[in-house]
Amino acid sequence: MFVRGRENIQRLMCKVEKKERKGVMGFKVLGGGGGGGEKLKNSMLVTAASSPSRSKMKLWMIRATSSVLLWTCIVQLTALGDMWGPRVLKGWPACFSLESAAASSVLQDRLPSLPARALPPKRVYKNNGYLMVSCNGGLNQMRAAICDMVAIARYLNVTLIVPELDKTSFWADPSEFKDIFDVDHFITSLRDEVRILKELPPRVKRRVELGMFYTMPPVSWSDMSYYRNQILPLIQKYKVVHLNRTDARLANNGQPLEIQKLRCRVNFSALRFTSQIEELGRRVIRLLRQNGPFLVLHLRYEMDMLAFSGCTQGCNIEEVEELTRMRYAYPWWKEKIINSDLKRKDGLCPLTPEETALTLSALDIDRDIQIYIAAGEIYGAERRMASLREAFPKLVRKETLLEPSDLRFFQNHSSQMAALDYLVSLESDIFVPTYDGNMAKVVEGHRRFLGFKKTILLDRRLLVDLIDRYTSGSLNWDEFSSAVKEAHANRMGKPTNRLMIQDRPKEEDYFYANPEECLQPSDDELSNLEEKLSTEIIALLPPYCNAGPGLIQRERPRPAGIR
């Protein structure tokens, strides 16, 4: 549309030049003979002398107007790209075909890298103090917490210090923020919202070293009024406040819309992994794509999860004792005495590899599809994986796709390994988590943002009941498979409203699993918006522009006094 408009403007400019030339020639013809002819000739000479300047002035005005209009359109499209970038750039709609995926992969490899975007202007505001945060938990729990802390810092008009990552949890990963995330991109991409520093200024740092700051854990699931009324006065008093726990410290719902959108912006744009992690992730994805579509299975059947949850289905006596000892060894795991069978029937346990094999088969997942295991070491190793491998022989892991030398820098850095799994999970054709932990939820929400990519959300409470009935013989395979497919027909990651439960935040839907305030509009909404945008652009065009076929033709207004 814009190309056609530009061509129309150029044609108009040519017409103006031709008309000016015709006007000058006309005066010359009329000026022949008689005494009045001499006056007319003199008049003609003046007119001829002034005509080029008027022509140049008109051409200059037209060019200036067209330039303004074109830049206006570019600015609007750029803003539109920021909102719908993932869908517009990665393909619409987000449905999979093997040919399109392969073509997309080849195209991305061949496209030249785009120049870096200009930095957003710095936001100028009166700094109320400094906020230090120490994140706790695994990679994705910390990821969500970082998004919350940025939003809180923005709301309170304070300076955020780059968050400190957890190094004392079960994984004991010594990675710093800069080892996992692109810290410079994190700081600069958000500078139009909040000031972020890698460390405290020297004067303030000396105060902290002398103990002149306030440290505390904020109340879980708090809204912004809590931070405004309770935390901000402390920051203003002590100048530096350290929040030593960050998991689930901001409520899912009831927040200002700009806060919800900022949480998304941090999650989907500002938190970019380091170039080393990104490149290795792309390599894994290319290796998988060479062999067709692939499913990512987040098989959360790892030692820490089983010890924490108390779920011991299929474990022998020695394994049960080992898991129990581990649970008592970590004081911050508050629940110690757990009834595994009861918890499993309530759907609170991760599916076992054996249960997962039955579920995927019942859902008619192709036996020959590649299944990438996004997890750490599976508890029980090959003994527990045998049935899953028998049902789906093309099981792969990053360790089997890459050379040991590729992963040597990631050894003993579980968060960096989890970052690789995160990238592969985003790009998979199907994502299936066997437990609704932090990675499952954050990846689910990110895949929604990327165009509602297929994510099978397993109903574990129903599944364990169906599996028990099938294994006991009360259901045959066809009945079992039909019941599983019927139960999950509407659990494929499609658009849905986030479940809100007043005063029960742990039971409602997690914001990062379904950030509906930030998701792209539906096809109908997008069509209406495109039509509205086209109308607005047409309204901005000069009234004498020939809009071309298919667009509104507007009559050129007549100068005053001419009828």
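**Figure 1. Val133 stands opposite Leu243 in strand S5.** This is a predicted model, in which local features need pLDDT of at least 70 and side-chain atom pairs count only at pLDDT 80 or more, while totals for chains, interfaces and linings use all residues. Residues are numbered from 1 along each chain as its sequence is written, and side-chain values use heavy atoms, leaving out hydrogens and water. S1 and S5 pair in the parallel sense over four bridges. Two strands pair if DSSP finds at least two bridges between them. Strands (E, at least two residues) and helices (H or I, at least four) are DSSP runs, numbered from the N terminus.

**Figure 2. Five strands make an open, parallel sheet.** The strand order is S3-S2-S1-S5-S4. Strand S3 (196–197) and strand S4 (214–216) are the edge strands, each pairing on one side only. Strands of a sheet pair through backbone hydrogen bonds, either parallel or antiparallel. S4 and strand S5 (residues 240–243) run parallel and are joined by three bridges. Thr215 has His242 in S5 as its bridge partner.

**Figure 3. Strand S5 is covered on both faces.** In a regular strand the side chains alternate between the two faces of the sheet. In S5, Val240 and His242 lie on one side, and Val241 and Leu243 on the other. All four are buried, where buried means under 20% relative accessible area, exposed over 50% and partly exposed in between (1.4 Å probe, protein chains only). Helix H8 (residues 224–238) lies across strand S1 (130–133), S4 and S5. H8 runs at about 150 degrees to S4. Axes here are lines fitted to C-alpha atoms, for helices over the stretch in contact, and angles run from 0 to 180 degrees between N-to-C directions.

**Figure 4. Phe181 and Phe273 form a stacked pair.** By the ring rule, the count comes to 14 aromatic pairs. Rings of Phe, Tyr and Trp (its six-membered ring) pair if their centres lie within 6.5 Å; planes under 30 degrees apart count as stacked, over 60 as edge-to-face and the rest as tilted. The Phe181 and Phe273 ring centres are 5.5 Å apart and their planes meet at 15 degrees, so the pair is stacked. The pair links distant parts of the chain, 92 residues apart. Phe181 is in the loop between helix H5 (177–180) and helix H6 (183–189). Phe273 is in the loop between helix H9 (257–270) and helix H10 (275–289). Both Phe181 and Phe273 are buried. One aromatic cluster is formed by Phe177, Phe181, Phe186, Phe273 and Tyr422.

**Figure 5. A disulfide joins Cys264 to Cys518.** The structure holds two disulfides, each a pair of cysteine sulfur atoms within 2.5 Å. A disulfide is a covalent bond between the sulfur atoms of two cysteines. For Cys264 and Cys518, the S to S distance is 2.0 Å. The link is right-handed, with 80 degrees about the S-S bond. Cys264 in helix H9 and Cys518 in the loop between helix H20 (477–487) and helix H21 (523–540) are 254 residues apart. Cys264 counts as buried at 4% relative accessibility, and Cys518 counts as buried at 12%.

**Figure 6. Cys311 and Cys349 form a disulfide.** Their sulfur atoms are 1.9 Å apart. This link is left-handed, with -85 degrees about the S-S bond. Cys311 is in the loop between helix H11 (303–309) and helix H12 (317–329). Cys349 is in the loop between H13 and helix H14 (353–362), 38 residues from Cys311. Both cysteines are buried. Ser340, in helix H13 (residues 340–345), touches Cys311 and Cys349, among others. Contact means heavy atoms within 4.5 Å. Ser340 counts as buried at 12% relative accessibility.

**Figure 7. Cys135 is in no disulfide.** The nearest cysteine sulfur, that of Cys147, is 9.9 Å away. Cys135 counts as buried at 5% relative accessibility. The sulfur of Cys147 is 8.3 Å from the closest cysteine sulfur, in Cys264, too far for a bond. Cys147 counts as buried at 0% relative accessibility.

Terms used. Lists of a residue's contacts leave out its neighbours within four places in sequence.
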